[in-house]
Amino acid sequence: MGAEPLVGAGLLLGTYTPKLDEKGRLILPAKFRSRLADGLVMTRGQERCLFLLPMDEFSRMYEQVRQAPVTSRQARDYLRVFLSGASDEVPDKQGRVSIPPALRAYAGLDRDVAVIGAGTRVEVWDKTAWETYLAEQESAYSETAEQIFPDLQF
């Protein structure tokens, strides 16, 4: 009973290492396809990865971001960066999505990629960049859990 409701709600989990094809298309991992089948928004993420957001999640995030006061320079800057590179995509019958050249360049994507489920979104990383990032973060993983989630129990 524990995780079932979350997984059933479309929680995106795991790490996969597909390759981009010669046209810059990504074959989505099978476990992500049903959640993304109706379309997604692909945009710049943090740490030079791409975010693939299911349409409902993109709408939720957009509503939150647009609530920020237009007088806030940080809010305007964030919204510009977040939306200016965004591309709405619908996977084809084989579960492929095209990654626009500008987004491939932003994330440094060539052929080998890491596709990770980050709960409500998918992140696409250059495989080497992901491995480096993960190695750097794993050393602080335990400390971070204690600082950010002091009551979290395993």
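What follows is a chat about a predicted model of one protein chain.

Student: What should I keep in mind about the model and the numbering?
Tutor: The model is predicted, so local features need pLDDT of at least 70 and side-chain atom pairs count only at pLDDT 80 or more, while totals for chains, interfaces and linings use all residues. Residues are numbered from 1 along each chain as its sequence is written, and side-chain values use heavy atoms, with hydrogens and water left out.

Student: How many helices and strands does the protein chain have?
Tutor: Seven helices and eight strands.

Student: What share of the residues is buried?
Tutor: Of the 154 residues, 34% count as buried. Buried means under 20% relative accessible area, exposed means over 50%, and partly exposed is in between (1.4 Å probe, protein chains only).

Student: And what share of the contacts comes from residues 24 or more positions apart?
Tutor: They account for 61% of the contacts with a separation of 6 or more. A contact here means heavy atoms within 4.5 Å.

Student: Switching to strands. Which strands does E3 pair with?
Tutor: E3 (40-44) and E4 (50-54) run antiparallel and are joined by five bridges. E3 also pairs with E5 (residues 87-89), again in the antiparallel sense, over three bridges. Two strands pair if DSSP finds at least two bridges between them.

Student: Which residues stand opposite each other there?
Tutor: Met42 is opposite Leu52 in E4. On the E5 side, Leu40 has Glu89 as its bridge partner.

Student: Is E3 mostly covered or mostly open?
Tutor: Mostly covered, with four of its five residues buried.

Student: What phi do Glu47 and Arg48 have?
Tutor: Glu47 has a positive phi of about 60 degrees although it is not a glycine. Arg48 likewise has a positive phi of about 60 degrees without being a glycine. Most residues other than glycine have a negative phi.

Student: Is Glu47 buried or exposed?
Tutor: Glu47 counts as exposed because its relative accessibility is 51%.

Student: What about E8, how many of its residues are buried?
Tutor: Strand E8 (residues 122-126) has five of its five residues buried. Val122, Val124 and Asp126 point one way from E8, Glu123 and Trp125 point the other way, and all are buried. In a regular strand the side chains alternate between the two faces of the sheet.

Student: Which strands pair with E8?
Tutor: E4 pairs with E8 in the antiparallel sense over three bridges, and Phe51 stands opposite Glu123. E7 (residues 113-119) is joined to E8 by five bridges, and these two strands also run antiparallel. Trp125 in E8 is the bridge partner of Ala114.

Student: How many residues does the hairpin from E7 to E8 go through?
Tutor: Two residues.

Student: Now the arginines. Where is Arg76, and what does it contact?
Tutor: Arg76 is in helix H4 (residues 73-84). Leaving aside neighbours within four places in sequence, Arg76 is in contact with Val70 and Thr71. Its relative accessible area is 26%, so Arg76 is partly exposed. The C-alpha atoms of Arg76 and Arg66 are separated by 9.0 Å, with the two residues 10 apart along the chain.

Student: And Arg60?
Tutor: Arg60 lies in helix H3 (residues 55-66). Arg60 is partly exposed because its relative accessible area is 40%. From Arg60 to Glu136 the C-alpha to C-alpha distance is 31 Å, and the two are 76 residues apart in sequence.
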